[in-house]
Structure formats: C-alpha cells, structure tokens
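Please find below my notes on the model under review, arranged as numbered points.

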Amino acid sequence: MRSNGHFIAQDGLSLLILAGGRGARVGGQDKGLLNWQGRPLISAVHECYAPLADEVLISCNRNAERYADFGTPLADVLADYPGPLAGILRGLQAARYRQLLIVPCDNPQPPDGLYQRLASSHPQTPVRYAHDGERGQYLYALLERRPELLTNLQAYLEAGKRSVYGWYEQAQAHALDCRDMAAQFRNLNRADAFEAR
C-alpha cells in the first residue's frame, strides 16, 4: 500500500499519542509533560498501549527532545496548532504499519483492552472510534492506513476544516460501544490537578 513518501505499509500496529496541543486549559503548559504522581502524564498511556505497538509516534509541537523518551516526535506540518486532526495527518504520513491506533496524552488511567476491541470490530471500516454511551471519544480511534484516507484528510484540512467528528462523518467512521469503559476515558484538563515539579 503506497502513500505519501512512497512507503509501503506493513502489517502491524503504529501507536500515535496526541500531545501537540496548546495546553490552553492548563495555562499554556505542555500537558503531556506535566507531573502526575511523580512522572510525566504521558507515561500512563505509553505504558498501556506501547507494548502492543510495533512503533510509537508522538504528535508534539514543542519539547521534542523530552518526548523522544517515549517515541518518535512528529511536529504538525500545518502551523499554529491547528488541532488534533493535524497530528493525525502527520501520524498517517509517518507511520510504517497498516493500523494506526490514536490516543490522547492526558488520560492517567486509559482504557485497557481498547485496541483489541477496536481491532475486532468492523474490520472493513477504515476509521473506528470509541463511544462511551453518552458521547464519542473521538481521540481514541483505530485507523486503517489507506491512501484514500490520507488524501481525504489532507483535502479536509486544506479546506480549513478542523472538526474531528466532521471528518469522521465524512470518512463513514464506525462508533464502537464502549460504555462499560466509560469511567476510563477521563482526561485531566485543570492546572490544579497536577503536582508542582
């Protein structure tokens, strides 16, 4: 399967951890590196999902040298923090493996078993994401790396669109019922939740 950069996707799993945001809700700090129980917040999702993956990619727009401890840092190709879809685009461009598992960096107790559930559900659908019974958890998703998916996302972003849900609708994504995991989709968004360094 060929795509940007003329690489061939191999069977296997690439993990993309999204850590490229502005951190607006935590005073502009780099959320993935904030201190949570004595270590960077990103450590929890890394420990949960990295053992499943053949490679780990980190979508980040700053502190690449620190994120390199967790995987290969990837900066957005679009300027000015355009949102998680830009990180997903960069992950699709860089990943070497057929499946791309996407998770956010800011969950201290991520849902275990999520990849296996996404992988076994609707395997012909190129985008599958978790739904907690009340709302879509759009940044917990499994993508099949197909050239048409990459082309579609590039065009969506070039048109100035930024909604993850909007692109999922366009890509005919499947929402997977994960209501039994609902409590595990909690992310940390307040500066006072973190410890001083």
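**Notes on the predicted model**

1. Residues 24 or more positions apart account for 72% of the contacts in the protein chain with a separation of 6 or more, a contact being heavy atoms within 4.5 Å. The model is predicted, with local features needing pLDDT of at least 70 and side-chain atom pairs counting only at pLDDT 80 or more, while totals for chains, interfaces and linings use all residues. Residues are numbered from 1 along each chain as its sequence is written, and side-chain values use heavy atoms, with hydrogens and water left out.

2. The protein chain holds 6 helices and 9 strands, taken as DSSP runs (helices H or I of at least four residues, strands E of at least two) and numbered from the N terminus.

3. Of its 197 residues, 51% are buried, where buried means under 20% relative accessible area with a 1.4 Å probe, protein chains only.

4. Serine 14 belongs to strand S1, residues 10-18, and counts as buried because its relative accessible area is 0%. Its side chain makes a polar contact of 2.6 Å with the side chain of glutamate 55 (a pair of N or O atoms within 3.5 Å, of which, within protein, one must be able to donate a hydrogen and the other to accept it; residues adjacent in sequence count only if both atoms are side-chain atoms). Beyond neighbours within four places in sequence, the contacts of serine 14 include Ala95, Arg96 and Tyr97.

5. Serine 43 sits in helix H1, residues 42-49, and is classed as buried because its relative accessibility is 6%. Its C-alpha atom is 8.7 Å from that of leucine 33, which is 10 residues away along the chain.

Note on methods
Buried means under 20% relative accessible area, exposed over 50%, partly exposed in between (1.4 Å probe, protein chains only).
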